Amino acid sequence: MEQIFSYGKPVTGKDLIDRESIVEDIVRDVKGGQSVILAAPRRFGKSSVILESLTRLKKEKIMTGFVDLFEKTSIREFAEGIVETVLENKETKIKKIFKIMKSNFQAFLQMAEFKHVWKEHEFILNFSRKDADENALLEEALNFAEKFASAKKTHLVLAIDEFGELKNWNGKLLKKLRAKFQMQKMVTYIFSGSQESLMRELFTDKAQAFYGFGKIVELDPLPEDDLIKYLINVFQKGGFLLSKENAHRICKLSQCHPHYVKVLAQCIANQHNDNGEKEISGDDIKNGSELALIQVKGELDRDWESLSKAMLQKRVLKFIALGGTNLYSKEAFSGIDKARIYLSVSELQKKGFLRKIKKGEFDFINPFFRSYILMFSKGIFV
Ligand SMILES: Nc1ncnc2c1ncn2[C@@H]1O[C@H](COP(=O)(O)OP(=O)(O)OP(=O)(O)O)[C@@H](O)[C@H]1O
Ligand SMILES: [Mg+2]
């Protein structure tokens, strides 16, 4: 079956469903020098929203940069990422130099043609030294971003995707970074993070380095009305007919999750019983849901395994999957201190398993997690 729903990569432009007002707000805020913190669970569309915002800023001739900390494995790589992305804004010549220099410093030194350039950007030479202090490199990279923007006399909007990673790498660095960022006049930031509660803590807890640094923006699941239109439209383009009622069922099953709704919809298309009927049936939806669960099982297994040393957290998840609502009632976990349950729930929120619905009530972020737990509770996955 042909892939009619594309997923797995960030989307921009006409492929981005909803998010218009969020993108507009981000663009307006960063243009006004207000940094923005985008907090949302995994695969909710953070990178998509950032990339769309940066595209629009570029159209307005504002300089932009994008560094994804998820891909980086050291502070040095983070620093290099900043220099490279800043250089994407016009300076193709230095960008070339930076690349050559990182791979072959000797060759670079012999290139007389570049001498005048590295005189101007002397700090770049430090990046070739294997023993250079990486915190110092990061500082130089940030200084460079500010200088570069000042020299061009335009603002630079630097997006740092998965910013929360930094806290895990080196908590102390955060304080220094905050001080640095605050000194910058020409650079405004967009930070994103998948661990919503960690991001909220980092930016709203008075004791944390980034308290009050920027405006927090959160992403919700996609609005059902827009999703229904989208599903009907894409199914139609793929040669299928989807009723409004069944589109609603798909939204409900996927909890309007921007990524998993596409995974589910594609599985339904794959499972469509092709006996000349174009219409997507209830059976197609049922079979598609089962196929989708099998498809995402690998990632759910990894999530579940990551809790191997946290029995109580697993028990909390199972309790919710089985329909339990009041986690703190006497019957829920007899003999276990409420404080421990509270801690487990808070850990599960930090790790991105659960989302708070209202006081004392939580739901899974991944719409397949409930069925996954129920399936293996019944011994179906062995
Ligand atoms: N607004 C949207 N419209 C259409 N598809 C979307 C939207 N938001 C997210 N998606 C889909 O969801 C998936 C995740 O998108 P994206 O990579 O932007 O999210 P993310 O929050 O940055 O994810 P991650 O946590 O993995 O970094 C992609 O497959 C993308 O196609
Ligand atoms: Mg992302």
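# Pockets and ligand of a predicted model

Helix H14 (residues 282–305) supplies three residues, the largest share, to the lining of the second largest pocket. The structure is a predicted model, in which local features need pLDDT of at least 70 and side-chain atom pairs pLDDT 80 or more, whereas totals for chains, interfaces and linings use all residues. Residues are numbered from 1 along each chain, chains are lettered from A and ligands numbered from 1 as written, and side-chain values use heavy atoms without hydrogens or water. Ligand 1 sits in the largest pocket (more than half of its atoms lie within 2 Å of the pocket's grid points).

**The largest pocket**

- The volume of the largest pocket is about 1100 Å³ (a pocket is an open set of points on a 1 Å grid where a 1.4 Å probe fits, with protein on both sides within 12 Å along at least five of seven lines).
- Its lining (residues with an atom within 4 Å of a point) comprises 44 residues, and those closest to the centre are Pro10, Ser47, Asp68, Asp161 and Glu162.
- At least two lining residues come from each of helix H2 (46–59), strand E2 (63–68), helix H3 (75–87), helix H4 (92–103) and helix H8 (165–169) (DSSP runs of at least four residues for helices and at least two for strands).
- Among the contributors to the lining of the largest pocket, H2 gives the most, with five residues.
- Charged residues number 19 in the lining of the largest pocket, beside 14 nonpolar and 11 polar residues.

**The second largest pocket**

- The second largest pocket has a volume of about 420 Å³.
- A total of 15 residues line the second largest pocket, and Arg42, Glu299, Asp303, Lys351 and Gly352 lie nearest its centre.
- The lining of the second largest pocket divides into six charged, five nonpolar and four polar residues.

**The surroundings of ligand 1**

- Ligand 1 is surrounded by 22 residues (a heavy atom within 4 Å), and the closest are Gly8, Ile17, Arg42, Lys46 and Ser48.
- H2 gives the most to the shell around ligand 1, namely three residues.
- The shell around ligand 1 holds eight nonpolar, eight charged and six polar residues.

**Polar contacts of ligand 1** 

- Ser48 places a polar side-chain atom 2.5 Å from an oxygen atom of ligand 1 (a polar contact is a pair of N or O atoms within 3.5 Å).
- Lys46 has a polar side-chain atom 2.6 Å from an oxygen atom of ligand 1.
- For Lys9, a backbone N or O atom lies 3.3 Å from an oxygen atom of ligand 1.

How values were computed
Points joined across faces, edges and corners; volume = space filled by probe spheres on them. Nonpolar A, V, L, I, M, F, W, Y, C, P; charged D, E, K, R; others polar. Polar contact = N/O pair within 3.5 Å; in protein donor to acceptor, adjacent residues only side chain to side chain.
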